[in-house]
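This report examines a protein model from its overall build to individual side-chain pairs. Please consult the sequence and the structure shown here while reading.

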Amino acid sequence: MADSLPKTDSLRRFFGRSIIACLLLVRFVTPNASGQDPVINRIDCAGWVPGTTVTATVRGSSLQSALALWTPLGVLRPVEGSDLSKDQPVSFSGALSADAVPGIYPARMVTSHGVSESSWIVAEDLPVVALTAAADARDPGQELTLPCAVSGHLTAVTSRFFRVQLEAGQTLSGEVYARRLGSSLDPVLRLLGPDGGEVLYSDDQPGAEGDSGFLWIAKQTGSHLLELRDVRYSGGERHHFHLRLAHAALEINAVHPVIGTGQSAAVVLQNGAAAGDAVVAASAGHELVPVSSPIPDAQGSRITAVVVVDGIVAAEQEPNQTAETATPISADAVALAGGFSEAGDEDWFRLSAAGAGKLLLTARTRDAGSPVDLVVTLFDAAGKQLAESDDTGPRDAEIEFAVPAAGDYLVRVRELAGRGGAAWTYAVDLTLDRGTVVVTTPADRLNIPRGGSSSGVLTVRRVGYGGPLKLEAVQLPAGLTMQPIVVGSRQSTVPLTLTAAGSGDVTDADWGTFRVRISAPDNDAVQQTLQLVPPPPPKNADEPFRSRRTRGDFFAGAAPGLEFSLRTEPTVLKVAQGETVSIKVLATRSEGWTVPVEVSLAAPADQLNPGVTVTAGSMAENELEVKIAAAADAGPGPCVVFLQGKSKKDKTERTLPVPPIQIEVTEKAAAEAAAQEQPAQQ
Amino acid sequence: MKTSSMLRLLSAGFIVLGSVYADLPVRELTVFPANVQLDGPRGIQQLLVTANADAADIHDATVLAEYATSDAAVAEISDGVIRARGNGSATISIRLGEQQISVPVTVSGFDQAAPVVFHTEVLAALTKSGCNMGACHGSPSGKGGFRLSLRGYDPPLDLVTLRGEFFNRRVNVLKPDESLLLRKPLMEVAHGGGRRLDYNDPSHMVLRQWIAEGMKVEPEGTPELQSIKLFPSPRVLRDGADRQQLVVLGTFSDGAVRDVTALTAFDTSDESIAAITPSGVVTREGRGEATILARYLDRMSTTQISYLTERKEFEWTNPAEETQIDKLVFAKLRQLQIQPSELCSDTDFLRRATLDLTGRLPTPEEAAAFAAEQTDSAQKRAQLVDRLLDSDDHAVYWSMKWSDLLRVNSKRLSSTGVHKFRRWLFEVVRDDMPLDQFVHRLLTATGNTQLNPAAAYWKSSRDEIDAVETTAQLFLGVRIQCAKCHNHPFEKWTQDDYYGMAAAFKRVGRKPTGLPEDEFIFVQSSGEVTQPRTGQTMKVRLLLEGDVDVAAGDDRRVIFADWLVKPENPFFARSVANRIWGHVVGRGIVDPVDDFRDSNPPSNPELLNYLAEELTGSGYSSRHLLRTIMASRVYQLSSRRNQFNNDDEIYFSHATTRMLTAEQLLDAICSVTGLPEQFAGMPGGTRAVALVDPPEGHKFLQVFGQPQRELPCECERSTDSNLSQALQLINGPTVHDKLRSDAGNIHRWIQEGRSDEQIIDSLYLAALSRPVLPGEKETALAHIKAGEDRVRSVEDVAWAIINSKEFLFQH
């Protein structure tokens with residue numbers, strides 16, 4: 001069942017320091033359902049105003065059998081009387097929570113055949129205005145009274161035109177949300193003065209994924225015409241926008257893109273001046289959450305976003321442009337944050353290591369909505385460079401360094417192109433003097449076939465900690481299950497598998513958000529951090545655009561059952577060194593699916609405990625014996641065997657997961673002793 | 001040309017010349033060099049004897065003078081060439097008419113061996129005779145299995161080839177005359193390259209002696225060639241002075257200066273004006289200026305010879321010199337006896353200026369208003385220029401020009417990038433961004449190409465090689481491409497220059513940003529350029545200044561860009577000024593506008609320097625320079641020629657007639673017919689000059705030469721006329737459909753009830769920016785009345801106007 005928007009304090013109580021809520025897995029190897037997942041191209045809504053009942057129309061594909069439009073602000077249901085049997089736009093209606101912080105939130109479509117990717121909406125507290133036909137042409141253009149917000153979309157080779165009456169000296173500010181909402185529109189704004197001449201042109205704002213914004217002071221009194229269009233004059237169903245206009249500066253930036261739970265966010269205007277109080281929306285952690293700040297003397301708020309992390313974020317203290325003036329960072333900080341206020345700025349920080357161990361520095365910029373391309377450099381106390389990083393593949397900079405001894409270490413950060421300004425902020429996740437588990441996964445959703453399972457891969461990286469990890473789902477919808485597992489110390493590729501109950505219509509119990517808790521069973525001091533991997537960028541501007549924005553919780557839903565499903569008996573077992581045990585992989589097949597199922601490992605075999613081997617094979621009927629053998633010197637301890645079954649008939653090919661098999665490799669002596677005890681007890 | 005034939009020709013010429021010069025009053029004789037030092041038994045010196053050196057009737061008297069030596073045992077002279085005969089001193093007496101002059105000669109080292117020097121003589125001989133040119137044995141694969149380095153740029157390779165290849169079968173040191181290396185170019189045996197040597201010509205003698213001496217390489221420490229100088233300095237020769245001997249002196253590393261004329265290769269920039277023989281004799285072929293290029297090994301020197309012909313009827317009309325441009329151009333014209341045309345009409349000026357600055361025709365309203373203005377013509381023209389420069393149309397058009405040169409197409413910059421980059425260029429022109437800042441920003445840009453469109457320059461140029469060639473051509477006006485593989489054959493640029501410049505651009509990094517079609521340009525901390533031939537790691541080299549050390553961590557591009565745009569830089573301001581001049585006048589002062597080289601000098605160096613000074617003095621304002629050029633009488637001259645400038649294509653004595661470019665023409669047809677062209681993906685009414693990307697498959701634009709923006713060269717825009725163009729205009733769908741359309745002007749005017757006269761008036765005003773002449777109207781009316789279908793007949797009149805030269809050409 002979808003959860004309501006949690007409050008910040010309760011969230012913090014729920015998740016202590018040693019655990020992490022992360023849901024990240026969900027670029028799934030299994031082709032979810034049968035390619036019928038609903039796709040949202042855009043959501044038309046006059047305004048997502050907290051505390052009101054809204055009606056929204058979803059356009060896209062595979063929208064038949066719609067059940068709900070989920071947002072953290074509330075769940076909308078199909079409007080009564082809608083024909084849900086066809087693949088056509090669906091209108092939803094529902095009430096939104098009154099205390100939602102204005103800003104960007106995800107929205108997902110739920111159908112009986114699966115859930116969609118996130119689309120994004122803006123919870124708005126400016127007066128919302130419906131788009132009218134007058135906006136279709138320069139003459140007349142839609143007259144607007146400020147402040148206001150208006151949403152719409154563009155077709156190819158069209159513009160939207162808005163008229164605003166201004167007095168000379170009056171401020172006009174505008175910002176377009178398009179790319180940040182996953183729209184394919186690359187907006188530009190053009191303002192024409194009363195004489196028809198162009199007075200302003202706004203294209204890309206830093207850190208806005210290509211969206212536009214401006215702040216301008218009118219030079220003449222009269223009617224000004226604002227044109228909004230795509231930079232390439234393209235358009236279509238996915239070219240939607242949300243335009244905000246006001247007589248005061250709208251654009252703000254968080255002074256630090258990352259804050260710790262319970263910490264306040266400071267926001268500034270583009271010129272660096274303080275923008276007033278800021279309210280941070282509640283967060284599941286490690287996601288961009290809205291931050292708003294009221295516009296003085298006007299209805300509505302300025303909006304931006306920050307990433308909330310579990311722990312203390314240490315802020316830079318200027319001046320810190322040299323090693324000598326480096327900002328000291330306390331031992332309990334989980335991240336440091338700052339900004340490059342002007343071009344060419346660079347910042348220094350001082351860390352104090354208590355002893356030899358691992359140091360991990362991971363930059364957060366683009367994932368946190370900052371345009372900075374961060375370069376992180378590590379020095380010893382004498383100033384000798386130890387390491388430097390710009391990018392790590394598609395991700396921001398990261399340094400993993402084996403600290404040889406206790407002492408001070410210096411970290412310098414700079415912008416690769418030397419840029420600066422209010423928007424040029426950064427954060428660096430920090431791990432020092434403790435172990436860390438870093439879990440990465442591209443964030444998306446999981447559609448689980450009825451009676452079967454789906455899985456997606458978590459990549460688990462241990463830094464300064466080499467032990468097993470426990471993974472369990474929290475607040476899973478009632479219709480879905482996930483067996484808690486304890487993965488072995490070598491297991492870094494972890495297919496996380498959820499199972500959906502076998503029959504009946506999809507109900508609210510079969511879908512919703514959930515979190516994954518990861519803990520180190522034997523070490524509370526191990527810190528878990530989450531690295532979200534945003535969706536890959538489109539290859540070109542003609543492909544649908546996806547915002548880099550990610551969530552900290554996850555979404556799953558039941559989907560129609562597939563041609564077969566797999567399970568094992570047992571799911572938990574022990575195997576002693578030198579022994580071989582068997583499990584049965586059992587298949588449930590739909591009628592007609594009589595082809596063999598090839599059962600194999602779904603994760604690298606060399607990640608199992610040393611000396612453990614798994615022999616699977618081809619399942620011609622509905623049962624296959626799989627042997628798990630532990631060599632005489634097999635490594636003891638827990639690990640999980642992840643299997644999958646692949647089957648093909650005609651043009652349909654399926655690769656489906658088997659629910660994980662938890663095994664415990666025991667030492668032979670211990671196993672013998674246990675075996676002796678048993679007869680004695682009997 | 002064979003030596004023997006040359007001698008016969010010269011002899012004949014001597015007789016002819018003698019008869020011409022018989023009437024030459026010789027008031028003064030000068031000789032160059034004034035004294036001669038010969039070293040060794042092969043010492044030689046070509047003399048230059050000049051009659052009346054400082055007068056208008058200056059003549060080369062080298063072959064006319066009579067020579068005598070005071071001691072033939074020391075030095076001999078014939079035909080103006082002194083040869084050593086023994087150690088000692090002698091005096092050469094030179095006499096012509098009543099005038100006499102003498103030259104002291106000293107010979108030393110005659111009794112010492114003077115073996116042929118491989119590096120400074122053999123290679124020069126091979127180059128002069130053309131053996132190692134690119135079309136022959138200097139090609140990468142050689143010819144006939146015999147490969148030499150192109151123009152001797154790789155002496156070690158040549159040495160191995162000549163001495164060691166194929167067991168040395170090409171030479172016979174015991175019987176040098178039997179060497180294939182000699183017999184083939186003498187055509188004693190079949191030779192695909194034809195005759196390249198004559199017996200005992202200088203090249204033959206050097207090669208033969210070198211073979212006979214055992215093909216030795218000179219010892220280390222043998223003086224090397226440092227430079228050459230061509231004499232005389234630029235000279236203007238009038239009627240009767242048809243011949244000019246040249247002398248080339250080479251300066252060597254030991255300080256010695258020797259005559260290297262015999263082994264120097266000569267070229268002329270215009271054979272229709274001046275021809276040149278292998279021995280360095282320039283002869284008149286026509287009227288005008290020619291640059292003579294002397295090449296010896298990899299050194300070059302130039303001089304200019306001007307041939308003037310007295311025009312008896314010519315009388316300088318002393319046209320008004322409104323600006324400094326006029327003064328400088330008219331000074332040249334007067335010298336060359338070229339009469340400038342009259343001033344163009346207001347109508348012509350309106351059309352010309354509008355096309356040059358905005359790429360479009362004047363609207364009928366603009367044409368009518370301009371004609372009606374009562375202010376002084378010069379003032380209203382100046383005001384028109386100001387209005388056009390301040391218009392967005394100017395920014396649209398001139399950002400298109402920059403887009404052509406900067407290769408703004410969607411393949412290079414992506415479909416999003418072309419829009420953003422073009423917008424930025426539009427703002428650059430609209431806001432008159434100083435051109436030094438503009439270029440500096442391009443060359444040093446970093447960051448996201450979508451946030452900072454200037455960085456797209458480095459998205460387009462993907463490596464340092466492309467960057468060198470593009471940057472040099474665009475902003476230095478130098479085509480340095482040839483120096484990539486070898487020292488430039490006709491210019492002073494070396495491979496070291498090429499790769500040294502590349503070192504400035506080597507460290508440009510590029511990476512994706514996570515946004516579609518966006519790229520991040522940044523400076524890397526490492527990356528070096530290796531000269532492929534020498535293996536040397538190159539420092540950043542600034543042309544004509546040398547290598548510079550760049551501190552670690554500094555952006556080498558900044559060093560280069562700072563040097564490029566400083567006012568003292570000899571390339572940038574002149575190159576940009578020349579380009580702007582060429583855009584509006586139709587031809588560069590250096591032409592092609594991006595081909596500055598010693599062998600392609602400016603047709604008016606003083607004018608070019610003045611324009612460069614105006615540009616730098618105005619803070620690199622292109623608007624200021626345009627205003628300055630268009631305020632000149634030179635710019636406003638008529639395209640109608642007179643008998644004294646009919647054959648002038650170089651010196652700006654009249655306006656250049658040139659066909660409208662592809663985009664101008666299409667837009668012009670659209671504006672006359674009232675039917676805009678619909679371009680895919682662009683709003684209706686978008687003009688062709690406003691397109692951000694050459695549209696794929698647009699037949700009309702392609703036929704009329706629209707460039708695809710793959711080259712940073714004005715030359716990519718084809719200006720040649722061809723049959724396809726004619727067919728497009730006569731019978732093509734673009735013209736036909738627009739004329740025939742119900743939504744077009746003609747049909748609309750007819751429906752509005754306009755009379756034939758009114759429609760004809762409107763057509764002429766729209767197409768030609770002028771009222772129709774009575775005769776033209778009469779012809780058009782007659783055609784309409786004779787036709788069975790009024791609409792078709794009116795269309796015919798419009799068609800005829802569109803197909804007229806007055807419409808198709810800018811004039």
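## Overall architecture of chain B

The structure is a predicted model. Chain B contains 28 helices and 27 strands, and its C-alpha atoms fill a box of roughly 100 × 70 × 50 Å along the principal axes.

Of the 811 residues in chain B, 55% count as buried. Among its contacts between residues at least 6 apart in sequence, 62% join residues at least 24 apart.

## Helix α5 of chain B

Helix α5 of chain B spans residues 202–212, and its buried residues are B:S203, B:H204, B:V206, B:L207, B:W210 and B:I211. These positions lie on the same side of α5(B), because they cover an arc of only 165 degrees around the axis. The elements covering them include α2 (118–128), α3 (155–164) and α4 (180–183) of chain B.

At the N-terminal end, α5(B) is capped by B:D201, a side-chain oxygen of which lies 3.1 Å from the backbone nitrogen of B:S203. Just after the helix, B:G214 adopts a positive phi of about 95 degrees.

## Contact between chain B and chain A

The contact draws 23 residues from chain B and 29 residues from chain A. About 2200 Å² is buried between the two chains, with carbon and sulfur atoms giving 56% of this area. Eight salt bridges are found across the interface, together with twelve residue pairs in polar contact. On the side of chain B that touches chain A, α11 (410–430), β21 (447–448) and β23 (519–523) of chain B each supply at least two residues. The most is given by α11(B), with seven residues. By class, this side of chain B has seven nonpolar, ten polar and six charged residues.

A:D390 and B:K511 form a salt bridge, with their closest N and O atoms 2.9 Å apart. Residues of both chains also occur in a salt-bridge network that links A:R190, A:E198, A:E227, A:R229, B:R423, B:E427, B:R430 and B:D431.

## Salt bridges within the chains

Over all chains, the whole structure has 93 salt bridges. In chain A, the side chains of A:D367 and A:R548 meet at 2.8 Å, N to O. This pair links distant parts of the chain, 181 residues apart: A:D367 is in the loop between β30 (357–364) and β31 (374–380), and A:R548 is in the loop between β44 (527–533) and β45 (554–559). A:D367 is partly exposed at 24% relative accessible area, whereas A:R548 counts as buried at 15%.

In chain B, B:E121 forms a salt bridge with B:R42, the closest N and O atoms being 2.7 Å apart. B:E121 belongs to helix α2 and B:R42 to the loop between β2 (36–39) and β3 (44–46), 79 residues apart. B:E121 is buried, with a relative accessible area of 13%, while B:R42 is partly exposed at 31%. A further salt bridge in chain B joins B:R27 and B:D57 (2.7 Å, N to O). B:R27 lies in the loop between α1 (3–21) and β1 (29–32) and B:D57 in the loop between β4 (48–51) and β5 (59–60), so the pair ties together parts that are 30 residues apart in sequence.

## A buried aspartate in chain A

A:D211 is found in the loop between β16 (198–202) and β17 (213–217) of chain A. Its relative accessibility is 0%, so A:D211 counts as buried. The side chain of A:D211 makes a polar contact of 2.8 Å with that of A:R180. Beyond residues up to four places away in sequence, A:D211 touches several residues, including A:V176, A:Y177, A:P187 and A:D203.

How values were computed: Residues are numbered from 1 along each chain as its sequence is written. Chains are lettered from A and ligands numbered from 1 in the order in which they are written. This is a predicted model: local features need pLDDT of at least 70, side-chain atom pairs count only at pLDDT 80 or more; totals for chains, interfaces and linings use all residues. Side-chain values use heavy atoms; hydrogens and water are left out. Buried means under 20% relative accessible area, exposed over 50%, partly exposed in between (1.4 Å probe, protein chains only). Helices (H or I, at least four residues) and strands (E, at least two) are DSSP runs, numbered from the N terminus. The arc is that of the directions from the helix axis to the C-beta atoms. Contact means heavy atoms within 4.5 Å. A polar contact is a pair of N or O atoms within 3.5 Å; within protein, one must be able to donate a hydrogen and the other to accept it, and residues adjacent in sequence count only if both atoms are side-chain atoms. Buried area is the accessible area (1.4 Å probe) that two parts lose on being put together, summed over both. A salt bridge is a side-chain nitrogen of Lys or Arg within 4 Å of a carboxyl oxygen of Asp or Glu. Ala, Val, Leu, Ile, Met, Phe, Trp, Tyr, Cys and Pro count as nonpolar, Asp, Glu, Lys and Arg as charged, and the others, Gly among them, as polar.
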